[in-house]
Structure formats: C-alpha cells, structure tokens
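Please keep the sequence and the coordinates at hand while reading.

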Amino acid sequence: MNTWIVGVDLRHRSDGAVRFGAWLREQTNGAIELVGVHAAPTAVVDQLDQFEGRVRVRERLKTEAELAMDRAGVREAFADLELVEADEPAETLASARAERSAIGMIVGRKAASDGRDLVRLGSVARRLLQRLVVPTFVVPPDLQTDQLRSGPVVVAVTPADASSGAVEVGTALAKSLGRQLLFVRVVSVPEEYTQIYWSTDALAQFKGQTIAAAKDRTAEWLADQGRNEPVVVRYGDTITEILAVATEQGAPFLVCGSRLLSRIERVIALSTSSELAARAAIPVLVVPPDARP
C-alpha cells in the first residue's frame, strides 16, 4: 500500500491538509493509504498532566484530533490516527513516516491562501522541506476541495538533476489521477541588466531568443527522461510565472523539485520550492532529486 503521512494540527492549520489528503485518496480510487499523525508538544502535555494525568490527557488530545477530522468530513478516509508526544513536531512526523515506510507526507502551512502573514510556511513545513527525504505536499490551511480544479498536473522544471524526481513523481501522479501532464520553465536575466544594456526592440528580440532556446533545451532534457509532454516556457520572475501558469491551466496542485540547499545557501540564495509552497493558493508537492514513484 502507498502510505502517506498527514500532519494533524489542532490549531486549525491542518484542515486543508486533511481535506487534500482525502481528496487525493478519492481521486486515485483508494490507491493510497492515509495515516494522520498529531504531534502533541511535550510541554503542553506536561502542563495538562497536573490536572488529569498523562494517560487521560493523551486520550483527550487524540479525541480532539478525531473530532477535528470529523468536522472536516474526512475521518473515514484515514486508515489510522496516531498521537505522539513531541519536542520537535517535524522530527516526529519524519519518524512516523520512516516507521511506516510511507512514500510521502502532507502537511499544512501557517498562512492562509489570501493571508498577508510575514511567516507563511511555519516551522514544521519549513523544517521538513529543509530536510526533504520524501515527496512532501504543503497545503494552505484554508483549502477547500472545490478549489481543486480539473486541469493538468503542472510540474515546474529546470534541465538539471534537481528536477529529475519531480518529473518522475509528477508523471506517476498525473497517470493515477487520469490528468494531463504539463511542464513549465521560467527564464530571465536581472532587471538591472535589461534596463541598462538593452533597447526596447533589442530586449524583445533577446527575450524571444532566450525563450526559444530554453524551450528546445528543456524539451531535449525531458526527452532524455523519457517524457514528451508539452512545455510552457515563460520569461520573468520565477515564482510569479510558475504560479501564473498553474492558475491559467487550472492545475489541482503544483509539483517542483528541490536543490536541497544547506542553511548557509538558503541565506544567500532563494529556495524556489519553499517560496512556491509558501505562496501558492493550491497544494505544492516538493520532491527530492532521487525520488521515484
């Protein structure tokens, strides 16, 4: 059975994640198994332990998690629900995944789809993406399944090893969902460079040539991966253009790879996968380079 671990957060951050998990199971005709995991902070359990005992506290917290899933209308889609005490929720979810040999994870992020929160991912999603081991969906907490449209599965790629896993997993998901597959790549040069060194006509010509060359290079690379589906190439800001293509195409979710940047690298370089997961109005699946379906 293809098992996915779904993070259940009682602070109203997991409603979107559990709804999406149930939707994914339904759309794949039950081909995946869902296991909910609620990581209860040890400090909170310690405090409540003073009033009604640890066993009772754990029972009550699990009951609350069950009720949260019932309210979301998804409890029957889950094979199991675990409650685990945790000092570090992200580590607990990762351990639960390893123990069950789950093929992927689904977690909620902090910021709503239309929110203006300064912190958008939240600590759990951020740490899981930083230590990415398996394909991981990051879902807006307010996601409703009627927002998941009927378009193709959109996979953002660059012609490099970092995108290999995304191509493999995205292709398998599109097949299991009975959806078309569409690849997207974004190219650009620094805005300061274009303003200083190019006239309007020369810049338009340069952009056209850049897009054409990128499309040929990306199609060639995808052919080496055994794929010949359509490729959309855009010129501009990477995050903005990828999200725009997903919206225009009516994608139910977005798939991307990860360069697995170190902490120091993240200070000086943008993590495209984390930015997409933080800003998208739909779920984003971030896939390690070596992932296979």
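## Residue H38

H38 touches V8, D9, L10, A65, E82, L83 and V84, when residues up to four places away in sequence are not counted and contact is taken as heavy atoms within 4.5 Å. This histidine lies in strand β2, which covers residues 32-41; helices (H or I, at least four residues) and strands (E, at least two) are DSSP runs, numbered from the N terminus. H38 counts as buried because its relative accessibility is 7%, where buried means under 20% relative accessible area, exposed over 50% and partly exposed in between, with a 1.4 Å probe and protein chains only.

## Basis of the model

The model is predicted: local features need pLDDT of at least 70 and side-chain atom pairs count only at pLDDT 80 or more, whereas totals for chains, interfaces and linings use all residues. Residues are numbered from 1 along each chain as its sequence is written, and side-chain values use heavy atoms, with hydrogens and water left out.

## Residue V169

V169 has its place in helix α6, residues 164-177, and counts as buried because its relative accessibility is 8%. Leaving aside neighbours within four places in sequence, V169 is in contact with P135, L285, V287, A291, R292 and P293. The C-alpha atoms of V169 and A72 are separated by 28 Å, the two residues being 97 apart along the chain.

## Overall fold

The protein contains 11 helices and 10 strands. Its radius of gyration is 20 Å, close to the 19 Å that the globule rule gives for 293 residues, so the protein is as compact as a globular protein of that length; the radius is taken over C-alpha atoms, and the rule is 2.2 Å times the number of residues to the power 0.38. Along the principal axes, the C-alpha trace spans about 75 × 40 × 30 Å.

Buried residues make up 49% of the 293 residues. Of the contacts between residues at least 6 apart in sequence, 78% join residues at least 24 apart.

## Confidence

The average pLDDT, the predictor's confidence in each residue from 0 to 100, is 89 for the protein, and 90% of the residues score at least 70. Confidence is highest in strand β6 (residues 153-156), at a mean of 98, and lowest in helix α10 (residues 263-268), at 42.

Over residues 264-269 pLDDT stays under 50, and the model has seven contacts beyond four places in sequence for this stretch. Where pLDDT is low, the predicted coordinates should not be read in detail.
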